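Hello,

Here is the structure I promised to pass on to you. Please open it beside this email, and then read on for what turned up in it.

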Amino acid sequence: MRETKAFFIYYSKIVSKDKITLFWSILFPLALGLLSYLPQQESFNTINEKSAYLYIFWAFTTVIIFINGIGAQTSVIRQQGLLRTFFSISGKKYPFLLSIIFSQVLVAFFAIVISTITLGSIMGIISLTLLLNMIIYLALIIPLAPAFLIIAYIPVRAESLMTIVNILTIALFFIASNTSNNFGGLEWINPIYYFRELSLYISNIVNNTSLFIYLIYLLYLAIGVFCLFKLDINSKTQRT
């Protein structure tokens, strides 16, 4: 635990210095949410419709931060040889991996709180119920964060991986938000769709998908445990 805390402080300083990535992760979903809502705000007639709109940006923010900050960034650190260096210091890879995960969970918390207060205030739906739903959502996504380490298993150079995952995340967002999502069950593969459904379930806007939500939650947990135990500290694309 002491090693994880030390690495967390160290890595948090690295994250705070990378202001471009930080602003991209926090402000891009918020800006997109505002730009999409303001021109069509008259079409949102109920609190549930407005809440559902906010939840898609909870999901988008969660996924873009976890994919970039946990999955792709772990690939970068491993390619640079830092993961192996920290392994040689502590004799374990888990403290540093957990420090990456915890720091990005913190970023996600911060981003979601900002988007909730900003969008919620503009849409006029800020309430104790909404804030309670947000707290429950934030608590539930913590155990799912390690699953995004699976991105580091993609055998491409980290620079290319960053580009690929950003394009993919935006594509998944538009699929989840602008289509009927009737893909014969394959829509659940889309993490943005899943996190949106999770938030809708928490708020009782939908309740007919509970089985899928529980099963995929367990799947994310299993993937996360597997990645923590099996992630190779050596780069697959470059000698370090």
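Arginine 196 forms a salt bridge with glutamate 197, and the closest N and O atoms are 3.5 Å apart. The term salt bridge stands here for a side-chain nitrogen of Lys or Arg within 4 Å of a carboxyl oxygen of Asp or Glu. By this rule the count comes to one salt bridge. Side chains of opposite charge can pair when their charged atoms come close.

Before you go further, please keep in mind that this is a predicted model, in which local features need pLDDT of at least 70, side-chain atom pairs count only at pLDDT 80 or more, and totals for chains, interfaces and linings use all residues. Residues are numbered from 1 along each chain as its sequence is written, and side-chain values use heavy atoms, with hydrogens and water left out.

Now back to the pair. You will find arginine 196 in helix α8, which covers residues 191–202; a helix here is a DSSP run of H or I with at least four residues, a strand is a run of E with at least two, and both are numbered from the N terminus. Is arginine 196 buried or exposed? Arginine 196 counts as buried because its relative accessibility is 16%, where buried means under 20% relative accessible area, exposed over 50%, and partly exposed in between (1.4 Å probe, protein chains only). Glutamate 197 is buried as well as arginine 196. If we leave aside neighbours within four places in sequence, arginine 196 is in contact with Tyr55, Ile56, Ala59, Ala176 and Asn181, contact meaning heavy atoms within 4.5 Å.

Another residue to look at is alanine 72, in helix α3 (residues 47–79). Its relative accessibility is 0%, so alanine 72 counts as buried. Alanine 72 and threonine 169 lie 97 residues apart in sequence and 12 Å apart in space, C-alpha to C-alpha.

Finally, the whole chain. How many helices and strands does the protein chain have? There are nine helices and zero strands. Of its 240 residues, 47% count as buried. Among contacts with a separation of 6 or more, 80% join residues 24 or more positions apart. The C-alpha atoms fill a box of roughly 55 × 40 × 30 Å, taken along the principal axes.

Enjoy exploring!
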